[in-house]
Amino acid sequence: MQIDDAVVAITGASGGMGEATARYLAERGARVVLGARSEDRLRRLVDDITARGGTATQIPVDVRRREDVARLARHAVATFGRLDVFVANAGAMPIGPVDALALDDWETMVDVNVKGVLWSIAAALPIFREQGSGHFIAVASTAARKIVPNMAVYAGTKAAVVAICDGLRQELAGDIRVTTLTPGFTATGFADHIRDGDLRERIAASGSIAMPAETIAEAIAYAIGQPAGVNVGEIVIRPTAQA
Ligand SMILES: NC(=O)c1ccc[n+]([C@@H]2O[C@H](COP(=O)([O-])OP(=O)(O)OC[C@H]3O[C@@H](n4cnc5c(N)ncnc54)[C@H](OP(=O)(O)O)[C@@H]3O)[C@@H](O)[C@H]2O)c1
């Protein structure tokens, strides 16, 4: 598929990897359809992409709500006539030890990271089927591959994403592509959501090894840019310094 002209919906596009991916793809001619909760940030991003000659539109989306995610996919079709790629990027990372019993944070991570991806599949798949083509991309994490303290619940949600997407890829083998993007430590705003001050500072202090968010955007572009008959099933990408 050519990136040029592709219609790409992205959840969690108001910052971090989602924003970087929106900018990167729009610079290469994709028409991007952006969803997140922060409407102001989305509006500023759309204005900026448009001012640079790109094509973008936005709609408020809370991925915990099925109807919001369905609306994002419908907005792509209503605006541009089709939906070529859906990037389920939105994620919540209020990490901490299980023993802290932060039940609200557990619920948020399950709702955003697992259910949000399921609602994204449910929104994109009927459109892909009708078109006879499409590409579903979900952002997991290396946390799913190497379990470490403080990340158990987050890792569990990302392991679910890996499992769901690989099963989906096998079920859809044919015209529809499925890619799991599995990043390691990346420089975004994610550490801001950690409640435990010591843990937040420790993560922030190790930020010097983090990859720029554009690295993830490039990896997503690589998966999209392959010929229709080639499915990049999973990309695992970490800082060289990450064990
Ligand atoms: N940074 C890392 O080191 C790292 C490593 C591996 C994987 N990841 C994964 O990469 C993805 C992107 O994260 P990031 O690092 O770019 O973090 P980020 O800078 O915190 O961005 C997270 C994005 O998700 C959106 N989001 C959060 N909750 C949402 C909800 N309920 N509905 C809609 N959007 C929501 C946020 O927008 P609003 O707040 O405006 O809704 C924001 O745009 C996540 O899936 C994360 O788990 C990150």
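The questions below concern a predicted model, and they turn to one helix and then to the ligand.

Reader: Is Ser-120 buried or exposed?
Author: Ser-120 has its place in helix 4, which runs over residues 103-131. Leaving aside neighbours within four places in sequence, Ser-120 is in contact with Thr-11, Val-69, Phe-86, Ala-88 and Phe-136. Because its relative accessibility is 1%, and the cut-off for this class is under 20%, Ser-120 counts as buried.

Reader: How far apart are the end C-alpha atoms of helix 4, and what span should its 29 residues have?
Author: At 1.5 Å a residue, the 29 residues of helix 4 should span 42 Å, and the distance between the end C-alpha atoms agrees with this, at 41 Å.
Helix 4 also has a kink of about 35°, centred on Lys-115, and is followed by Gly-132, whose phi is positive, near 80°.

Reader: How much of the ligand's accessible area of 880 Å² does the protein cover?
Author: The ligand is surrounded by 31 residues, the closest being Arg-37, Ser-38, Asn-89, Tyr-154 and Thr-188. A polar side-chain atom of Arg-37 lies 2.7 Å from a ligand oxygen atom, while a backbone N or O atom of Met-17 lies 2.8 Å from an oxygen atom of the ligand. Of the 880 Å² of accessible area that the ligand has on its own, the protein covers 93%.

Reader: Which elements give two or more residues to the shell around the ligand?
Author: A backbone N or O atom of Gly-189 lies 3.2 Å from an oxygen atom of the ligand. The elements that give two or more residues to the shell are helix 1 (16-27) and helix 5 (152-172).

Conventions
Residues numbered from 1 in each chain as written. Predicted model: local features only at pLDDT ≥ 70, side-chain atom pairs only at ≥ 80, totals over all residues. Heavy atoms only, no water. Helix = DSSP H or I, 4+ residues; strand = E, 2+ residues; numbered from the N terminus. Buried < 20%, exposed > 50% of the residue type's maximum accessible area, 1.4 Å probe, protein only. Contact = heavy atoms within 4.5 Å. Expected span 1.5 Å × (residues − 1). Bend = angle between axes of the 7 residues up to and from the residue. Near = heavy atom within 4 Å. Polar contact = N/O pair within 3.5 Å; in protein donor to acceptor, adjacent residues only side chain to side chain. Areas by Shrake-Rupley, 256 points an atom, 1.4 Å probe, with all protein chains shown as cover.
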